[in-house]
Amino acid sequence: MITNLKQIRCSWAGGEPMMQEYHDTEWGVPEYDSRALWEKLMLDGFQAGLSWSIILRKREAFRKAFKNFDPKRIARFEEADIARLLEDAAIIRSRAKIEATIGGARAYLTMQEAGDDFSAFLWGMAGGKPIQSGVILTKSPLSEEISKALKKRGFKFVGPVIVYAWMQAVGIVNDHSAKCFRRKAVRTFERATRR
């Protein structure tokens, strides 16, 4: 998809076409699929200390390396899989982040086995609908609450700043700037999906 370069966007989208495409089609759009929410949370964990553009460029390689972020497959990863991933130059080769993703798959499945739907759990904490924010933050009381709840369930690399960035990306909070052409579009999309 070619995006309109003359549109007013959030400043972080910059002039890089890949970032503009992500901003224009994905960022802030409410996501309700549990597996997709989990994948995006794991990718945000890999982003810790790095720019999102690095993760975005490597996203397809991550999907390949992590079996399309299938929690059942990742939960079975063993030391040989970790060694393989540490040799894969196409992804971020951080043992701690790789192990956090494997542990995150196990935590996700434990929640599922207990009857806790990942999407319903997280959206429930947000009140069931996107929060229309007018102020860009790095964390919020809600991201701190979600972070604590996820850590309690065994997730790692889910601090309140990472969780807030994830909340923005998956549309739990609409942080498109007031002048951004996507702010109203995302808000309209949210209303349409809830009918």
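The model is predicted, so local features need pLDDT of at least 70 and side-chain atom pairs count only at pLDDT 80 or more, while totals for chains, interfaces and linings use all residues. Residues are numbered from 1 along each chain as its sequence is written, and side-chain values use heavy atoms, with hydrogens and water left out.

Helix α2 covers residues 34–47 and packs against α9, residues 160–169, at an angle of about 135° with the axes 9 Å apart. Helices are DSSP runs (H or I, at least four residues) numbered from the N terminus; axes are lines fitted to C-alpha atoms over the stretch in contact, and angles run from 0 to 180 degrees between N-to-C directions. That angle makes α2 oblique to α9, the class left after under 35 degrees (roughly parallel), over 145 (roughly antiparallel) and 65 to 115 (roughly perpendicular). In the contact (heavy atoms within 4.5 Å), Leu37, Lys40, Leu41, Asp44 and Gly45 of α2 meet Ile162, Ala165 and Trp166 of α9.

The whole structure holds two cavities of 30 Å³ or more. A cavity is a set of points on a 1 Å grid over the protein atoms alone where a 1.4 Å probe fits but cannot get out, and lining residues have an atom within 4 Å of a point. Its volume is the space filled by probe spheres set on the points.

The largest cavity has about 70 Å³, and its lining includes Lys40, Asp44 and Ala169. Helix α2 supplies the largest share, four residues. The second largest cavity holds about 50 Å³; among its lining residues are Leu41 and Gly45. There too α2 gives the most, with four residues.

Conventions:
Helix = DSSP H or I, 4+ residues; strand = E, 2+ residues; numbered from the N terminus. 1 Å grid on protein atoms, 1.4 Å probe; cavity = no way out; pocket = protein on both sides within 12 Å on 5 of 7 lines; lining within 4 Å.
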